[in-house]
Amino acid sequence: MLYMLHSLYTTYLTAQRMNTLYFYDTTEEDKKILEQSLSKYSLVFYSTPISIETISEKASAISVFVTSTVTREMIEKMPDLKLISCRSAGYNNIDIQAATERNITVVTVPSYGEHTVAEYAFSLLLSLTRRLPETVKIVKDAVCLSPNLLQGMDLYNKTIGIIGTGKIGKRVIDIAKGFGMNVIAYDLFQDTVAAQQSSFSYVSLEELYRGSDVISLHAPLTQENTHLLSDTAFSQMKQGVYIINTARGELIDTKALILALEKGIVGGVGLDVVEGEKLLRERCSVTATHSHEDPHILEESFYITSLLSNPRVILTPHTAYNTKEAIERILATTSDTIQKFFEGTIINEIQPQNSSCGRLVLVRHTESEWNARGIWTGSRDAKLSIKGFEDARLLGDILRDITFQHAYASQQIRTMETLSSLLGALQQPVVPVTRDKALNERDYGEYTGKNKHEMKKILGDDLFEKVRRGWNTPIPQGETLKHVYQRIVPYYLEEILPRIRRGENILIVSHGNALRALMKYIESISDEEIENTEMMFGGAVTYILDNEGRAKRKDIRTTSSLTYDTHI
């Protein structure tokens, strides 16, 4: 019996040793701890990030830090790979789609240092607001300057805006409260219990931008929030706002940040992460050695050099996590997760958002000849005015960052003329177009062709507004907005939403009332509130949707460059 048990145990150990684990981005201290905790496995260590040259066909598992990028090509060259272990909370450095296709499990360290990172965020903020780098440099250089030139700012009674209220964001809120700061926050998934307990309030992004003296980023990086802080976002902020980013560099458009610093919109910025941070770690600069590489490398090098030369910028090499205690927690969790995986239990597996989900963009047709004359067009045909064609081309300009896979329009000619001019300005490959009566404008019945100003006098102000904006106000031989809703929403759910779920970006060019009816569903607007909802001319509404086709995030763009984000 004892012999059998010994034999089984020997077989088990042999099977474990057959699992070869490759660790990248490791220090000597990492190696010592991991060798002790994972002694029954065959371990290979690299101090450098993962590369095609250092991967192995024998790898059963790989473990990487944020300094490594695991690509599809690498995954395909490791046929025995079963596990990718990220020694970090984030996983945007992993090709998740490629791993999913191969049924490879991806795990993270979901909680290792909320206190660690939050404390670092405040060290950056205090260093900026009290101008410590400049002060220390002056003392070292023995330069005498007027105290006015080193004047700082109190945090007490200032407002800090927290974007992302996960574990780190909540800890930053607690620290901010300790300094006597007012706290507002934004998150797609609001923790109302925490908000009540810690006395902070959730607001829209626009309100956060307008109201914050300090903005601190603690959100994960997704396709939807890449360049969350853009030219548009900075244009809405208080003059002299301080920005802190210890999350992911790509949350900020670096070019836009540099311009905001130049304009004085941003008074100071503390960055532990930045776009192209690999270049920062390698201490690269703009040199001829990059001439053969991706032009983005040159651009990122230029931006990093610009930030490093700015006295109002503190830039550190992704080191907010780096305390003795946090490293020990990371390695302990990594070891435990790997051991449990090979014993048949998966913990800390990522639950990524549906990255394949596309965007929905709504555009109202531009000015028609009947619009210009103030006439109710309804289901009748009317061509665009000259201004209408010009405005449609401007709409194309503000949507050039989106590649559309399909477009929809009503059967009226004014939407097709708008769509044709818009697509021409986009300068994209041919976009398939579907025209359908479900997207037609509301039928104004007997009021079709009537002058709106004259009808206002006949109907009176109240009834006129109800006819124009009301939910169920009847029109002789015409449609109510409710009727439009009943034809457009089923079409949206059955025809358009499945495409978006498959990852397609969809453009709809329709009419004011047709789009208002659709927005009622998408934004869950009540019958009463719909009367105050407008679909503007000269603008585009972009939605990130949930699985039911309702809005998670809304972005409004206009040809006057006014843009704002709204959490739905």
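## Helices on the sheet

Helix α2 (residues 28–37) lies across β1 (20–23) and β2, running at about 175° to β2. Helix α14 (residues 324–342) packs on the sheet and touches β1, β3, β4 and β5. Its direction makes about 165° with that of β4. Contact means heavy atoms within 4.5 Å. Axes are lines fitted to C-alpha atoms, for helices over the stretch in contact, and angles run from 0 to 180 degrees between N-to-C directions. Helices (H or I, at least four residues) and strands (E, at least two) are DSSP runs, numbered from the N terminus.

This is a predicted model: local features need pLDDT of at least 70, side-chain atom pairs count only at pLDDT 80 or more, and totals for chains, interfaces and linings use all residues. Residues are numbered from 1 along each chain as its sequence is written, and side-chain values use heavy atoms, with hydrogens and water left out.

## The sheet

Five strands form an open, parallel sheet in the order β2-β1-β3-β4-β5. Strands pair if DSSP finds at least two bridges between them. β2 (42–45) and β5 (105–107) stand at the edges with a single partner strand each, so one side of each lacks a neighbour in the sheet. The twist averages 20° from one strand to the next.

β3 (residues 59–64) and β4 (residues 83–86) pair in the parallel sense over four bridges. Val64 stands opposite Cys86 in β4.

## Around Phe234

Leaving aside neighbours within four places in sequence, Phe234 is in contact with Leu229, Ile243, Ile252, Asp253, Ala256, Leu257, Ala260, Ile265 and Val266.
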